[in-house]
Amino acid sequence: AAAHAFKPIGFMGPSARLLHSSLLNPRSLCPKAAPLRTFRTSRSSMQRQVEMSSTVGIDWAKELLSEHPENNVTPYIANLVGRNLHLKKAHPLNIIKKRIEDYFTSRDAEFECKDSLYPVVTKQQCFDDLLIPKDHVSRRPSDTYYLDQDRLLRTHTSAHQTELLKGGSRKFLCTGDVYRRDEIDASHYPAFHQMEGVKILKECAGMEDREQWVKMCSEDLKDHLEGMVDAIFGPVEKRWVDAYFPFTEPSYELEIFYQDKWLEVLGCGVIQQKILDGCEMKEQHGWAFGLGLERLAMVLFDIPDIRLFWTEDERFLKQFKDGQITKFQPFSKFPPCYKDVSFWLPGDWQENNFFELVRNVAGDIVESVELVDKFDNPKKGKTSHCYRINYRAMDRSLTNEEVDKIQEQVRELVAKKLNVELR
């Protein structure tokens, strides 16, 4: 997990699944798509990222889905892109984002705020430039949504770090939606939002004593982030924990004591000099941090299910006011509907392939998928898994009949696409 920007606090840890976008076309189960606008596809991904705002209406299905053999973006994911929850006024994610931006810009007016960069990046931007090893799990199609052999949906906002540095930015916050394949439960979703912060210290320019500039960068970093935490949570007890990330050295995690327990808030560190050298900044030094907006918002607003951030239900949206932290009041708790599915595993089984399949069939009415039983048959040399799928809509009661139809589709597709033997 460390190879994703500062682990990065929240959701979507390492996962392992590969599901081609041609699996199915559940338009009726997909979230509402963004307004449509097409554009010339001859431009490079880098040009688009600089010149195009993700707030512009784009035909994301046309842009992201294809028959390319490396493409594993599904229609469900394509319809999440462009929703820009972090830009919607009075949305919990926007409230947190603006509070952090206000803290940094009021402290130092030179901080730039980037929040609309194009979400498609290259392997070079997302991994190579950040010194993430070639064999790291985060590069696998089981973890990441690829458009082709080189382009992907960003897995962290750190993917824009080197481009912004090369473009002359020296103090900036970069916020955006990021995408990862992962398990299904109340705190995991394939799309979520991150903020990356970077500062290059002028006073460290040209320093040859590494110990000295690392100390200065670390002290400045911790001072900024402790102040940021107080601006978000109020004065709280804090502690720093040594960590490891490929792109910073030394690296830290910041934890706070909040609501009677220690909560991990963010990851950070002094930027690896090799990264800055690659940006033609050989004599400059600085720090970076990364955090997940959903994680902070779930704690501050008492939001129990990550799916709620994506709802368009007014009973949710109207509870929040711009600039205010308001505790979420549950408007309904509809009954769950549990369905089990059991099967013998194929030799190349990747559990997150199954999670992705279920999500694409059921959309946001699936609340969780849990492995409830595992059986090894030494005579057959096979392993059986039993998964319990919890179907629960956030806006209505589901009928057993409609869930049965979805469950049957899951059974058919898991046998057909993942080569399991149903039990």
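Author: Let's start with a cysteine: Cys174 counts as buried at 2% relative accessibility. This is a predicted model, so local features need pLDDT of at least 70, side-chain atom pairs count only at pLDDT 80 or more, and totals for chains, interfaces and linings use all residues. Residues are numbered from 1 along each chain as its sequence is written, and side-chain values use heavy atoms, with hydrogens and water left out.

Reader: Why is Cys217 called buried?

Author: Buried means under 20% relative accessible area, with over 50% exposed and partly exposed in between (1.4 Å probe, protein chains only). Cys217 has 0%, so Cys217 is buried.

Reader: What makes H11 oblique to H12?

Author: The axes of H11 (residues 351-362) and H12 (residues 400-418) come within 10 Å and cross at roughly 140°. That makes the pair oblique, because under 35 degrees is roughly parallel, over 145 roughly antiparallel, 65 to 115 roughly perpendicular and the rest oblique. Axes are lines fitted to C-alpha atoms, for helices over the stretch in contact, with angles from 0 to 180 degrees between N-to-C directions.

Reader: Which residues of H11 and H12 meet?

Author: Among them are Phe354 and Leu357 in H11, and Val410 and Leu413 in H12, where contact means heavy atoms within 4.5 Å.

How values were computed:
Helices (H or I, at least four residues) and strands (E, at least two) are DSSP runs, numbered from the N terminus.
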